[in-house]
Amino acid sequence: MRFVRRGPAIAVAAIASLAIAVPYLPLANPLHLDIAHRLAGPSWAHPLGQDEFGRDVLTRLLWGARTSLAVAGGSALLACVGGVLLGLVGGFWRGVPEFLALRGMDVVLCFPPLLLALLVVTLIGPGAATLIPVLAVLYLPGFVRVTYAGVLTVCAQDYVEAARAVGARPGRIMLRTILPNVAGPVLVQVSLAAASAVVLESGLSFLGLGVVPPAPSWGLMIGSARATMVQAPLLLLWPCAALSLTILVMNALCDALRDWVGGQS
Amino acid sequence: MSWLPRRCATSLLLIWVVASVVFLAIRLVPGDPAELLLSQGGVAPDPAAVSELRTQLGLDRPILAQYVSNLRQVLTGDLGQSLQDGSSVSEQITLRLPRTLELICAAALIAVVLGIPGGLVAATDRNGTFDHVSSYAAALAMAVPVFVVGTLLVLLFAQYLHWVPAGGYVPLARDPVRHLTLLAMPALTIALGLTASVFRMTRAAVLDEQRRDHVRTAWAKGLTRRRVLLRHVLRNALMPVVTVFALHLGTLLGGTVLVEYVFNYPGLSGLLVEAVNARDYPEVQGVVLVISVLFVALNLAVDLLYAVLDPRIRHA
């Protein structure tokens, strides 16, 4: 029995708990304007300085973590639930459900990911509320395929046959017998989807097509700091560092989970 | 040999489904596109103008008739007119697509030239200094999003060092040197993450291949190190790398959006973002369709290439 490498897991947990705790921390209001001190450098009151509207950068950075992780976690979980159900049903019953689930995913995979997100944003308009379902659709094929492949392997095992022989209903077999046995790869897929969602969310927000201002988001902060990058390079560097560091630890967690699941089977 | 026609038919079917999805998606939006287009800043549009635009877009006809005429148009290569200035969408795309392809090819070239030898050396020097340093560098390079890399490059090389302009585009025919200078930064930006992924794939594939029996045989025959590594290890290891790399290039077709935006590079994705912001439906539809068709075609090409290289697939 091997364990998940601790480092990445602890780092991701730390970032996540920080993001959850943000509203309860003694921080300035992320939307409070202070035009008189726009682009001010670091000070005791504002450890990371103030942005182009005089808002506190540290506060916005922390709230940005909340936005990023909420969108990433929300879309990964939504895709996970939908994809696992489709994969289970398709792999268990085969035939028509199998065809619909797998070919449907082929259609989603025809679009480069960022492109599909752009198309939907054009149609529905930007915002975190559209972003989560859109990203969930993008990650759906991964979950369907992983679950489907797992279900096919598991269904051939004797214990599934045994469950059938005992007279268990299909729903019970799928959720209680098959699902726990395909959970490992699905978990890896969740981490991959969440890491990729952080990248996509920040990219779309950077273009002004993701999270809507004035809500704080790292992509938005980087986008708006571009205009003042010569006067206030730090304003650009903070969100860049926060975003890259988050993706780095999330990628490391993905690798660690994959090694762990690979080592188990 | 029924594999080939079946695979091609699937691709054609997928392209048809994609065209239909794009068509339907635009018609299924809640609200009237014509009204949506004309209402700016919460002001209700003039009903006469709305109905005129509806006629112009053909939105007043039954949806099935719209669908058929739309498909017929697309088949003849006519993607309609832009709502912004009435220019032909197909012409816009043929103007801008080559620029994006050039950018992708330049980035791919850098990634292959650096990534494959890098991966080979790291794998043969497993747990050595080069292996450790380059593996960490690759993990870092994969973690920094392209728009961050691009923005930081602009800050460093354009704003502080003034080595290159911050962005833009000059046709090759007009000024080759300037064309390549302007191409370099966006290409390097894309290449950074791409190189890292090629490096990691090559390293993993070579490590895997080195353990195989045929490689042990090659060593036992007394072949030179160079010959074993290049002919017996790398050649086999590159198969999966080439596949994944080609698929990666496909996602870049839509993924250059951010880089083109950062460097103000007038490629295909730049056109898409402009169209998205202007809610220019025919243009969005055209660009998405062209990119998706290219994407499907690339996937088909990869499968065919794979079948040529590995006969087991054809007979499966």
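Let's start at Arg94(A), which takes a positive phi of about 55° just after α2(A). Keep in mind that this is a predicted model, where local features need pLDDT of at least 70, side-chain atom pairs count only at pLDDT 80 or more, and totals for chains, interfaces and linings use all residues. Residues are numbered from 1 along each chain as its sequence is written, while chains are lettered from A and ligands numbered from 1 in the order in which they are written.

Now step back into the helix itself (helices are DSSP runs of H or I with at least four residues, numbered from the N terminus). Helix α2 of chain A covers residues 57–93, and its 37 residues reach 53 Å from first C-alpha to last, close to the 54 Å expected at 1.5 Å a residue; the expected span is 1.5 Å times one less than the number of residues. α2(A) is mostly covered, with 27 of its 37 residues buried, that is, with 20 or more other C-beta atoms within 10 Å of their own, C-beta atoms being placed from the backbone.

Next, look at α5 (residues 128–155) and α7 (residues 170–206) of chain A, whose axes come within 9 Å and cross at roughly 160°; axes are lines fitted to C-alpha atoms over the stretch in contact, and angles run from 0 to 180 degrees between N-to-C directions. That makes α5(A) roughly antiparallel to α7(A), a label for angles over 145 degrees.

Finally, turn to where the chains meet: the contact (C-beta atoms, placed from the backbone, within 7 Å) takes 37 residues from chain B and 31 residues from chain A. Elements giving two or more residues to chain B's side include α1 (3–28) and α13 (281–309) of chain B.

Notes: Two residues are in contact if their C-beta atoms, placed from the backbone, lie within 7 Å. A residue is buried if 20 or more other C-beta atoms lie within 10 Å of its own, exposed if 12 or fewer, and partly exposed in between; C-beta atoms are placed from the backbone. Angles under 35 degrees count as roughly parallel, over 145 as roughly antiparallel, 65 to 115 as roughly perpendicular and the rest as oblique.
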